[in-house]
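Trainee: Could we take a close look at one pair of packed helices and the residues around it? I would like the cut-offs spelled out as we go.

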Amino acid sequence: MKLVKLIEQWHEDRNLIDGSTDKDQVLKLAQELGELSDSVCKEKDMRDDLGDMLVVMINIMKRNNISIEECLQKAYDDIKDRKGKMVDGIFVKEESGLVIMYPLSSKSITPSKRGEYEITDLNNIYLKNNLLN
């Protein structure tokens, strides 16, 4: 990909490959994730935030001699056979006969009056969707 090569060269020209570390770049990635989170919460355009995160990830890949294609292939290989679906903002993942549930939406469960998430609320979602056996 031409843009990836341009970004790798940009990193090289600024000594961000040899003059930085993976730890430095992971911290930068966390900062960029915070900016993405802010944009999502404020319903702003997130393209720049996603692009900035990719720029940092390209740095990490370059320093470790890993391609974007390798990373995407590995991720796809990990997810391609997964079964599951979203139920009331919760991803229900079927794995080896087990059902594993991941709350993914702040709309599905909200903090109680005491400011905590209650297991009863999660159980009620499971019950509503016939997911309790």
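In what order do the elements of the protein run from the N terminus on? And at what angle do helix α2 and helix α3 pack?

Mentor: This is a predicted model, in which local features need pLDDT of at least 70 and side-chain atom pairs count only at pLDDT 80 or more, while totals for chains, interfaces and linings use all residues. Residues are numbered from 1 along each chain as its sequence is written, and side-chain values use heavy atoms, with hydrogens and water left out.

From the N terminus on, the order of elements is α-α-α-α-β-β-β-α, so the protein has 5 helices and 3 strands (DSSP runs numbered from the N terminus, helices being H or I of at least four residues and strands E of at least two). Of the 133 residues, 23% are buried, where buried means under 20% relative accessible area, exposed over 50% and partly exposed in between, with a 1.4 Å probe and protein chains only.

Now to the pair itself. Two packed helices are described by the angle between their axes and the distance between the axes. Helix α2 covers residues 22–41 and helix α3 residues 47–63, and they pack at about 165° with axes 9 Å apart; the axes are lines fitted to C-alpha atoms, for helices over the stretch in contact, and angles run from 0 to 180 degrees between N-to-C directions. The two helices are therefore roughly antiparallel to each other, given that angles under 35 degrees count as roughly parallel, over 145 as roughly antiparallel, 65 to 115 as roughly perpendicular and the rest as oblique. Their crossing is left-handed, which means that the near helix is turned anticlockwise from the far one by less than a right angle, clockwise being right-handed.

On the α2 side, the residues that meet α3 include Val26, Leu29, Leu33 and Leu36, along with Asp22, Lys28 and Glu32; those in α3 include Leu50, Met53, Val56 and Ile60, along with Asp49 and Arg63. The residues of this contact (heavy atoms within 4.5 Å) divide into 9 nonpolar, 3 polar and 7 charged, where Ala, Val, Leu, Ile, Met, Phe, Trp, Tyr, Cys and Pro count as nonpolar, Asp, Glu, Lys and Arg as charged, and the others, Gly among them, as polar.

Lysine 23 is also in helix α2, and at 69% relative accessibility it counts as exposed. Its C-alpha atom is separated by 9.3 Å from that of isoleucine 60, which is 37 residues apart from it along the chain.

The loop between α2 and α3 holds glutamate 43, an exposed residue with a relative accessible area of 76%. Its phi is positive, about 55°, although it is not a glycine. Most residues other than glycine have a negative phi. Asparagine 15, in the loop between α1 and α2, likewise has a positive phi, near 60°, and is partly exposed at 45%.

Cysteine 41, within the α2 range of residues 22–41, is exposed at 63%, whereas cysteine 71 is partly exposed at 33%. A search of the whole structure finds 0 disulfides, a disulfide being a pair of cysteine sulfur atoms within 2.5 Å.
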